[in-house]
Amino acid sequence: MTAYQGQTLSWELRAGVLEVWLHRPPCNEIGSQTLEELERLADTVAEQAENWVGIVIASRLPAGFSAGADLRELYQRMQPLPVEERQRGVRDFLERIHRALLLLDTAPVPVLAAVHGVCFGGGFELALVADVMVADVTARFCFPELRLGLIPGFGGIPRLKREVGNGLVRDLLLTGRSLNATRAHQLGLVSQLVAEGRAFEAARRTAEHLGRFDRTTVASAKAFLKPVPYAELRGEIELFCELFARPAVEEGLRRFVENTSPLPYLP
Amino acid sequence: MRTLEQTLEEILTLTSQHFRIPRAELSPDDDFFKKLGIDSLQALDLLTRLERHFGVELPDYELQGVSDFRTLARRIHDRAG
């Protein structure tokens, strides 16, 4: 299926490039519905991508690429459950999203993220599966998980370590601060920085350009250039589940859900 | 290198332009959340524009407890090389 209209994301194959659009208001928070549709996307990629030129992932929402995991859904769903079931539910979610993101990460064609605005938490982790990060000057990148008593759980730490120096990874994770696109470009996280509102077009043109090259060579080069940190990805799941069991996490989620601060996204 | 007062004036001018509010209606000690009626995402957008304009990185935690333009100018000024 090379066209799909979902509740949270959609895609269409145009001239060999699969255009994937995130569109769940307010800012593409990743909850259970988005997970299902990401799984559908990943399966489609695994079955059909070898016939394509590339994949571009972008957001239709003005607020940004994605604000990350749907913490409100997580908090509300965990409330009636005993601890063991909460743990099982979270582990299941992580295993599923890791599988979907891994299929995107290892797609046999280039994947490009076209980022604008907020690219936080799980949204940042989605963007990090891309081979090329194109961002407009409004983009901001952040891993705010520590203020919930957690770490990124969708594979963000191992994948960010592929992109930038470990010192920056520690700074971003331990402070929870957000990084603007200009600085991210200087640091090599963003490889192409473009004018406001132009990220998708630039990513699309880049994907088309990549279609000029032999597909087997592109797929082989990609696999060689971007090793998958399987052991670290597994380790991240285990650490996340261990941290999630702590009472501080539920308290952190409660504070986020009840937050009336004008800056709830800030650490 | 800019003085603190220059930094403050540029912040007020940029804010006026970005949010289309007459410069004369903004003063250094205004609470910018109340004055501008902005949400967190708009605040982050303003932060991005200020960082680009001044060529600085302003970690978000530096904004904790900051709600007026004068204190914001101090934070930005401190980060300028």
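In what order do the elements of chain B run from the N terminus on? In this predicted model, the order in chain B is α-α-α-α, with 4 helices and 0 strands in total. The C-alpha trace of chain B spans about 30 × 25 × 20 Å along its principal axes. The radius of gyration of chain B is 11 Å, which agrees with the value near 12 Å that a compact globule of 81 residues would have. Of the 81 residues in chain B, 22% are buried. Contacts in chain B between residues at least 6 apart in sequence join, in 62% of cases, residues at least 24 apart.

Two arginines of chain B were examined individually. B:Arg20 is placed in the loop between helix H1 (4-19) and helix H2 (32-36) of chain B. The phi angle of B:Arg20 is near 55 degrees, a positive value in a residue other than glycine. B:Arg20 counts as exposed because it has 6 C-beta neighbours inside 10 Å, where the limit for an exposed residue is 12 or fewer. B:Arg74 belongs to helix H4 (residues 69-79) of chain B. With 16 C-beta neighbours inside 10 Å, B:Arg74 is classed as partly exposed. Between B:Arg74 and B:Leu36 the separation is 38 residues in sequence and 20 Å in space, taken from C-alpha to C-alpha.

The contact between the two chains involves 16 residues of chain B and 17 residues of chain A. On the side of chain B that touches chain A, helix H3 (residues 40-54) of chain B gives the most, with 8 residues. That side of chain B is made up of 7 nonpolar, 3 polar and 6 charged residues.

E3(A) is joined to E4(A) in the parallel sense over 6 bridges, and A:Leu22 has A:Ser59 as its bridge partner in E4(A). E3(A), H1(A) and E4(A) together form a right-handed β-α-β unit. E4(A) also runs parallel to strand E6 (residues 111-115) of chain A, with 3 bridges between them. Within E6(A), A:Val111 is the bridge partner of A:Ile55. E6(A) is in turn joined to E8(A) by 4 bridges, again in parallel; here A:Ala113 is partnered by A:Met133 in E8(A). E8(A) pairs in the parallel sense with strand E11 (residues 192-194) of chain A over 3 bridges, and the partner of A:Asp136 in E11(A) is A:Val194.

Strand E4 (residues 54-59) of chain A is largely enclosed by the rest of the structure, because 6 of its 6 residues are buried. The burial applies to both faces of E4(A): A:Gly54, A:Val56 and A:Ala58 lie on one side, and A:Ile55, A:Ile57 and A:Ser59 on the other. Strand E8 (residues 132-136) of chain A is mostly covered, with 4 of its 5 residues buried.

In soluble globular proteins, nonpolar side chains tend to be buried together. The largest nonpolar core in the model has 78 residues, and those with the most contacts inside it are A:Ile55, A:Val56, A:Ala114, A:Val115 and A:Val134. Helix H8 (residues 199-210) of chain A gives the most to this core, with 6 residues. A second, separate core of 11 residues includes A:Ile30, A:Leu74, A:Leu148 and A:Val249. Neighbours within four places in sequence aside, the contacts of A:Ile55 are A:Leu18, A:Val20, A:Val45, A:Ala107, A:Val109, A:Val111 and A:Leu112.

Two backbone features were noted in loops of chain A. Most residues other than glycine have a negative phi, and most peptide bonds are trans. A:Pro25 and A:Pro26 are joined by a cis peptide bond, with omega about 0 degrees. A:Pro26 is located in the loop between strand E3 (17-22) and helix H1 (32-48) of chain A. A:Ala15 has a positive phi, near 50 degrees, and is not a glycine. The loop that holds A:Ala15 lies between strand E2 (9-14) and E3 of chain A. A:Ala15 has 11 C-beta neighbours inside 10 Å and therefore counts as exposed.

Technical notes: Residues are numbered from 1 along each chain as its sequence is written. Chains are lettered from A and ligands numbered from 1 in the order in which they are written. This is a predicted model: local features need pLDDT of at least 70, side-chain atom pairs count only at pLDDT 80 or more; totals for chains, interfaces and linings use all residues. The radius of gyration is taken over C-alpha atoms; the globule rule is 2.2 Å times the number of residues to the power 0.38. A residue is buried if 20 or more other C-beta atoms lie within 10 Å of its own, exposed if 12 or fewer, and partly exposed in between; C-beta atoms are placed from the backbone. Two residues are in contact if their C-beta atoms, placed from the backbone, lie within 7 Å. Ala, Val, Leu, Ile, Met, Phe, Trp, Tyr, Cys and Pro count as nonpolar, Asp, Glu, Lys and Arg as charged, and the others, Gly among them, as polar. Two strands pair if DSSP finds at least two bridges between them. A crossover is right-handed if, with the strands pointing away from the viewer, the path from the first strand over the helix to the second runs clockwise. A nonpolar core is a set of buried Ala, Val, Leu, Ile, Met, Phe, Trp, Tyr and Cys residues joined through C-beta atoms within 7 Å.
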